[in-house]
Amino acid sequence: MRRHTLWDAVLKHGTRSAAITVLLLLGGVIVTLIEGSWLSLSTFGPGFLTTEKWNPVSEEFGALAPIYGTLLTSLIAMLIGIPISIGIAIFLTELCPPRLKRSISTAIELLAGIPSIIYGIWGLFVLAPFLQAHVQPVMISTFAGVPLLGGLFAGPPYGIGIFTAGIILSIMVLPYITSVTRDVFETVPPTLKESAYALGCTTWEVVRQVVLPFTSTGVIGGIMLGLGRALGETMAVTFVIGNAHRISGSLLAPGTTISASIANEFTEAETELYTSSLISLGLLLFLITFTVLAIARFMLLRLQRKAGR
């Protein structure tokens with residue numbers, strides 16, 4: 001009895017220490033970011049968030065263009081990646097022949113193991129030239145003169161740009177969303193689906209009325225996991241986004257993101273204000289990610305309360 005009590009105490013204090021360590025590390029990161037960014041924030045004030053200009057020579061820095069690029073590329077990635085990921089998960093759990101299920105699942109999971117720099121190289125040398133030669137000219141001519149869409153797909157076909165970066169990110173988040181969604185789909189009790197089929201429901205009706213409502217919390221969790229991956233991605237985006245500190249109404253134009261700006265310029269920062277401005281970008285990325293996760297948590301709590309769990 002005394003031995004069991006000792007191990008219980010070790011387990012209790014060990015797990016508590018691990019949890020406290022995580023909080024201390026998180027607090028340390030926050031304090032370091034705030035301390036490092038204080039110079040730029042005190043120099044530029046709120047204008048740092050609303051200014052597009054980024055000129056290291058005159059030491060004028062604004063975060064608006066990287067914030068815009070980060071949010072827009074992540075939005076494009078989600079718009080493309082979510083439907084495809086959920087569709088793959090539905091196919092694997094409801095329609096896929098058993099002999100193909102394992103192979104496809106393994107292939108999807110292998111995508112998550114590919115280094116981001118490989119995605120970037122592939123995007124730069126394969127995807128970008130293909131889009132420049134075959135896709136973007138068609139998009140420009142098709143949407144020319146169309147309200148709103150004409151502005152979103154205007155300008156010369158650069159190949160690289162925000163749209164290309166969004167496509168790369170959608171491929172990178174696909175295995176995360178697909179794996180989580182597939183796993184939560186498999187937790188649906190077979191009796192629920194069998195009952196729906198017995199009532200004459202089609203596969204689409206079973207998915208829409210049984211599977212998705214039952215697993216909505218897990219699906220949203222998988223989507224937010226993918227969104228967090230898209231917001232913080234660095235190397236792949238750096239290769240294909242064009243790294244231009246400007247805001248354009250066209251999705252085909254070059255741009256930049258917070259992580260790409262830090263990766264490109266941190267080694268070139270020779271002044272304290274320049275370095276502080278880059279650290280301020282890191283602080284903004286941290287806050288954006290934290291806000292997204294907080295919103296996701298709030299949505300999950302509302303869904304759980306609505307479901308009576």
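1. Let's start with M78. M78 counts as buried because its relative accessible area is 9%; the label "buried" is for anything under 20% relative accessible area, "exposed" for over 50%, and "partly exposed" for what lies in between (1.4 Å probe, protein chains only). M78 sits in helix α3, where helices (H or I, at least four residues) and strands (E, at least two) are DSSP runs numbered from the N terminus. If you set aside neighbours within four places in sequence, M78 contacts P83, V173, I177, I223, G226, L227 and A230; contact here means heavy atoms within 4.5 Å. K12 is another matter: 66 residues away along the chain from M78, with 40 Å between the two C-alpha atoms.

2. Before going further, a word on what we are looking at. The model is predicted, so local features need pLDDT of at least 70 and side-chain atom pairs count only at pLDDT 80 or more, while totals for chains, interfaces and linings use all residues. Residues are numbered from 1 along each chain as its sequence is written, and side-chain values use heavy atoms, with hydrogens and water left out.

3. Now the overall picture. The protein chain has 12 helices and zero strands, which reads along the sequence as α-α-α-α-α-α-α-α-α-α-α-α. Its C-alpha atoms fill a box of roughly 70 × 65 × 35 Å along the principal axes. Of the 309 residues, 39% are buried. Take the contacts between residues at least 6 apart in sequence: 75% of them join residues at least 24 apart.

4. Back to α3, for T70. Helix α3 spans residues 64-95 and holds T70, which is buried because its relative accessible area is 2%. A polar atom of the T70 side chain lies 2.8 Å from the backbone oxygen of P66. Residues up to four places away aside, T70 touches L231, T256, T257, I258 and L285.

5. The α8/α9 packing deserves a look. Two packed helices are described by the angle between their axes and the distance between the axes. For α8 (residues 190-198) and α9 (residues 203-232), the angle is about 150° and the axes are 10 Å apart; the axes are lines fitted to C-alpha atoms over the stretch in contact, with angles from 0 to 180 degrees between N-to-C directions. The residues that make this contact are L192, K193, A196 and Y197 on the α8 side, and T203, V206, V210, V211 and F214 on the α9 side. By type, they split into seven nonpolar, one polar and one charged.

6. On to the aromatics. Rings of Phe, Tyr and Trp (its six-membered ring) pair if their centres lie within 6.5 Å, with planes under 30 degrees apart called stacked, over 60 edge-to-face and the rest tilted. By this rule there are seven aromatic pairs. F153 and F163 make an edge-to-face one, at 6.2 Å centre to centre and 85° between the planes. F153 is in the loop between α6 (149-152) and α7 (162-185) and F163 is in helix α7, so their pair ties together parts 10 residues apart in sequence. Both F153 and F163 are buried. Elsewhere, ring pairs link F44, F48, W54, F61 and Y274 into a cluster.

7. Which backbone angles would I check? Most residues other than glycine have a negative phi. L148, though not a glycine, has a positive phi near 70°. It lies in the loop between α5 (116-143) and α6 and counts as exposed because its relative accessibility is 67%. N243 is likewise not a glycine and has a positive phi, near 55°. The loop between α10 (235-240) and α11 (258-265) is where N243 is found, and N243 is partly exposed, at 32% relative accessible area.

8. Two last residues. G155 belongs to the loop between α6 and α7 and is partly exposed, with a relative accessible area of 38%. From G155 to I140 it is 15 residues in sequence and 7.4 Å C-alpha to C-alpha. I295 is in helix α12 (residues 272-307), partly exposed at 46% relative accessible area. Between the C-alpha atoms of I295 and L49 there are 21 Å, with 246 residues separating them along the chain.

Key. Nonpolar A, V, L, I, M, F, W, Y, C, P; charged D, E, K, R; others polar. Polar contact = N/O pair within 3.5 Å; in protein donor to acceptor, adjacent residues only side chain to side chain.
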